[in-house]
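Please read the following note beside the sequence and the model. It is meant for a colleague who is meeting this entry for the first time.

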Amino acid sequence: MLTLIVSGLAAGALYAATALAYNVMFSTSKVLSVTTGHIAMLGGVFGAWFIAGFGLHPLLGLAGALAIGGLFGYLTDVIAIRRVVTRSDEHLWLLSTLALATIVQQGVGLWWGTEPQPFPRLLPQDFAAGLADQKYWLPILTTIAIALALELFYRRTLYGKLFLAMSEDAFAARARGIETDRIRSLSYVIAGVIGALSGFAAGQLTFAFFALGLTLTLNGFIALAVGGLGSNVGALVGGAALGLLNAFSSNLIGGEYQNTVSVGLLMIVLLLKPEGLFGARNVRPV
């Protein structure tokens with residue numbers, strides 16, 4: 001029982017971190033990019049490549065993975081978001097980000113291989129550590145640190161307040177002289193760093209696997225919807241709930257039904273509380 005809880009929370013932390021990356025992107029662009037989970041996949045794959053392939057110290061491997069994540073976040077904005085959002089109010093970004101995510105996933109599969117590969121140990125620790133193993137507590141602590149850092153960023157920094165201003169009304173922010181394109185690009189870089197950091201921290205749990213991105217994109221979105229769009233607390237709660245539900249359902253009815261259970265949870269929440277557990281209800285003036 002305890003093993004299921006710990007492993008479920010560790011996986012849930014990864015889902016929560018993906019939901020946090022969704023929130024950062026959405027705050028400035030009102031876009032839910034399909035590439036979000038693939039950023040974490042790149043953090044895990046490139047982290048393993050830098051450490052195991054080049055023999056770099058884990059800290060240098062982490063720096064390289066974060067750089068890749070931030071770069072991919074920026075390219076997501078430039079390639080799949082900027083022109084689409086500028087020219088159309090329709091949700092065409094769904095197709096553009098899906099196309100970019102597919103290209104990246106298939107490209108990584110051709111280069112890295114299609115089989116999951118082990119992620120190097122980041123800290124000296126015996127493999128018999130059991131529930132105290134770093135593969136469990138590293139993603140949990142990392143996600144909590146990310147959430148706290150985001151809270152400080154929004155409350156204590158000028159750029160954080162600019163993010164909030166754009167979240168409220170991007171047109172009004174632009175009218176007041178805020179360079180909204182630059183702020184949006186910065187948000188995608190930050191989201192890329194968050195995703196890569198979470199994928200790197202959870203690499204020992206998930207392995208370095210090219211197809212992980214699609215799973216994280218789906219489960220991160222479900223965690224976001226359950227917790228409430230725009231709420232970082234909701235992202236943490238939604239991720240933890242989804243991770244625990246997946247762990248227990250896999251143990252009881254088999255892992256092949258995991259996605260069915262996840263989507264079922266999403267449907268229940270959307271029917272009972274469409275704004276999510278901690279989301280604000282949108283009121284449309286008429």
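The numbered points below take up the helices, the backbone, the nonpolar residues and the salt bridges in turn.

1. Basis of the note. This is a predicted model, in which local features need pLDDT of at least 70 and side-chain atom pairs count only at pLDDT 80 or more, while totals for chains, interfaces and linings use all residues. Residues are numbered from 1 along each chain as its sequence is written, and side-chain values use heavy atoms, with hydrogens and water left out.

2. Helix α2. Helices here are DSSP runs (H or I, at least four residues), numbered from the N terminus. Helix α2 covers residues 36–53, and at 1.5 Å a residue its 18 residues should span 26 Å, which agrees with the 25 Å between its end C-alpha atoms; the expected span is taken as 1.5 Å times one less than the number of residues. Of the 18 residues of α2, 15 are buried, so the helix is largely enclosed by the rest of the structure. Buried stands for under 20% relative accessible area, exposed for over 50%, and partly exposed for what lies in between (1.4 Å probe, protein chains only).

3. Positive phi angles. Most residues other than glycine have a negative phi. Lys30 is not a glycine, yet its phi is positive, at about 60°; Lys30 sits in the loop between α1 (2–29) and α2 and is partly exposed, with a relative accessible area of 38%. Phe207, also not a glycine, has a positive phi of about 65°, lies in the loop between α9 (203–206) and α10 (212–227), and is partly exposed at 39%. After α2 comes Gly55, whose phi is positive as well, near 70°.

4. Nonpolar core. A nonpolar core is a set of buried Ala, Val, Leu, Ile, Met, Phe, Trp, Tyr and Cys residues joined through side-chain atoms within 4.5 Å. The largest such core has 63 residues, and those with the most contacts inside it are Val24, Met41, Leu42, Val104, Val108 and Leu150. If neighbours within four places in sequence are set aside, Leu150 is in contact (heavy atoms within 4.5 Å) with Leu20, Val24, Ile194 and Asn232.

5. Nonpolar surface. Leu123, Trp137, Leu141, Ile144 and Leu148 make a nonpolar surface patch of about 450 Å². Patch residues have over 30% relative accessible area and no salt bridge, and nonpolar side chains (Val, Leu, Ile, Met, Phe, Trp, Tyr) are joined within 5 Å; the areas come from the Shrake-Rupley method with a 1.4 Å probe. One of these residues, Ile144, belongs to helix α5 (residues 134–156) and counts as partly exposed at 42% relative accessibility.

6. Salt bridges. If a salt bridge is a side-chain nitrogen of Lys or Arg within 4 Å of a carboxyl oxygen of Asp or Glu, the count comes to seven. In one of them Glu151 and Arg155 meet at 2.5 Å, N to O; both lie in helix α5, four residues apart, about one turn of the helix. An α-helix has 3.6 residues a turn, so residues three or four places apart point the same way. Glu151 is partly exposed at 32%, whereas Arg155 is exposed at 57%.

7. A linked network. Asp77, Arg82, Asp181 and Arg184 are joined in a network of salt bridges. Within it, the closest N and O atoms of Asp77 and Arg82 are 3.2 Å apart; Asp77 is buried, with a relative accessible area of 0%, while Arg82 is partly exposed at 26%.

Note on methods: Helices (H or I, at least four residues) and strands (E, at least two) are DSSP runs, numbered from the N terminus. Patches are made of residues with over 30% relative accessible area and no salt bridge: like charges are joined within 9 Å, nonpolar side chains (Val, Leu, Ile, Met, Phe, Trp, Tyr) within 5 Å.
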